Amino acid sequence: MEKTIEALNSKLDLLIAAVARLAPPPVPETDISTADCYVWASDPGFLEPVHRVNRVDIGLIKGVDRVRDILVDNTERFAAGLPANNVLLWGARGMGKSSLVKAAHASINASGKTAAPLKLIEIHREDIDTLPKLMNLLKAAHYRFILFCDDLSFDHDDTSYKSLKAALEGGVEGRPDNVIFYATSNRRHLLPRDMIDNERSTAINPSEAVEEKVSLSDRFGLWLGFHKCSQDEYLDMVNGYARYHGFDNDPETLRAEALEWATTRGSRSGRVAWQFIQDLAGRLGKPLKD
């Protein structure tokens, strides 16, 4: 009898171990006091701290002075507990849209004007439909949060934009007071133009169909446009980076090389200027500052 009981217990132990292996791992505890920046991991649903953020000093972002000041002012008001708007930064590629969001966040925290650090949380485009879950996690926290989605846009059969509309302002609860949403996009209306045109051509009431699509952008109180830079602005970016990283190249040689680099790329932008500086630093054998 005892041997039978021992055999059953052994098999039960094996069964319990097998079931335990099938169970999902426990969700890591989210501690929002350990860092100023996080990435939202929608599955299983926690905030992963980022202790070394990929960003540049706000003084190195050139050619967008007006939109920079507007964004910083809006963010400062939000950090101080005052009314502020969701922001859509749209326009030309490589002109510093995402860099400006991260730089403004760092600048405000460094100023020491806020009672508690402002938190920046990046949410990936494919996780937009989990925004309500994330907001529910944040609304009771004693911090203020910028939810940031880089390169936000929607394709033809994508309906997750409706989740974003509801999360920003249209839901029953609305957006928590301690949360604001910043997004960057190459599209001003976040949806393909041919998608909007197709809605117009097939709908019973074309104007209502188009308004349904465009109304997503209307949830952003601030639209900040980024446009292609001039040659002088591009060279100003190059010179700013060169000074910051301690390069002492001949100004005329630096200018000629920077223009040649832009010509080979077929464009001028902050991203192209930074890529030129990386190439220059490599050729000179000099490290870049963090």
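Colleague: How many helices and strands does the protein chain have?
Modeller: This is a predicted model, so read every value as computed from it. The protein chain contains both kinds of element. The count is 10 helices and seven strands.

Colleague: What share of the residues of the protein chain count as buried?
Modeller: Buried means under 20% relative accessible area. The protein chain has 290 residues. The share that counts as buried is 41%.

Colleague: What part of the contacts with a separation of 6 or more comes from residues 24 or more positions apart?
Modeller: Take the contacts in the protein chain with a separation of 6 or more. Then pick out those between residues 24 or more positions apart. They account for 75%.

Colleague: On to the sheet pairings. Is strand β1 mostly covered or mostly open?
Modeller: β1 runs over residues 37–41. Four of its five residues are buried. That makes β1 mostly covered.

Colleague: In what sense do β1 and β2 pair, and in what sense β1 and β4?
Modeller: β1 and β2 (residues 46–50) share five bridges, in the antiparallel sense. W40 has L47 as its bridge partner in β2. β1 also has three bridges to β4 (residues 119–122), and Y38 has I121 as its partner there. So by the DSSP bridges, of which a pairing needs at least two, β1 with β2 is antiparallel and β1 with β4 is parallel.

Colleague: Which residues stand opposite C37 in β2 and β4?
Modeller: In β2, C37 faces V50. In β4, C37 stands opposite L120. The two names are V50 and L120.

Colleague: Which residue of β5 is the bridge partner of L120?
Modeller: β4 and β5 pair in the parallel sense over four bridges. L120 has its partner in β5. That partner is I146.

Colleague: Which residue takes a positive phi in the hairpin of β1 and β2?
Modeller: Four residues lie between the strands of this hairpin. One has a positive phi near 110°. It is G45.

Colleague: How far apart in space are V39 and I123?
Modeller: V39 lies in strand β1. Beyond its neighbours within four places, V39 has contacts including F46, L47, E122 and H124. V39 and I123 are 84 residues apart in sequence. C-alpha to C-alpha, they are 6.2 Å apart.

Colleague: Is D151 buried, partly exposed or exposed?
Modeller: D151 is found in the loop between β5 (145–149) and α5. D151 has a positive phi of about 60° although it is not a glycine. Most residues other than glycine have a negative phi. With a relative accessible area of 47%, D151 is partly exposed.

Colleague: Which residues does S163 contact, leaving aside neighbours within four places in sequence?
Modeller: S163 lies in helix α5, residues 161–170. S163 counts as partly exposed because its relative accessibility is 25%. The contacts are I128 and D129.

Colleague: Now the pockets. Which element gives the most to the lining of the largest pocket?
Modeller: The largest pocket holds about 900 Å³ of space. Elements giving two or more residues to its lining are α3 (97–111), β6 (179–185), α8 (231–244) and α10 (270–284). The top giver, with five residues, is α10.

Colleague: Which residues lie nearest the centre of the largest pocket?
Modeller: 34 residues line the largest pocket. They divide into 10 nonpolar, 12 polar and 12 charged. Nearest the centre are N54, R55, V56, S99 and K102.

Colleague: How many charged residues does the lining of the second largest pocket have?
Modeller: The second largest pocket has a volume of about 270 Å³. Its lining includes R93, K228, R265, R268 and R271. Beside three nonpolar and three polar residues, the charged ones number five.

Definitions and conventions: Residues are numbered from 1 along each chain as its sequence is written. This is a predicted model: local features need pLDDT of at least 70, side-chain atom pairs count only at pLDDT 80 or more; totals for chains, interfaces and linings use all residues. Side-chain values use heavy atoms; hydrogens and water are left out. Buried means under 20% relative accessible area, exposed over 50%, partly exposed in between (1.4 Å probe, protein chains only). Contact means heavy atoms within 4.5 Å. On a 1 Å grid over the protein atoms alone, a cavity is a set of points where a 1.4 Å probe fits but cannot get out, and a pocket is an open set with protein on both sides within 12 Å along at least five of seven lines; lining residues have an atom within 4 Å of a point. Grid points are joined across faces, edges and corners, and a volume is the space filled by probe spheres set on the points. Ala, Val, Leu, Ile, Met, Phe, Trp, Tyr, Cys and Pro count as nonpolar, Asp, Glu, Lys and Arg as charged, and the others, Gly among them, as polar.
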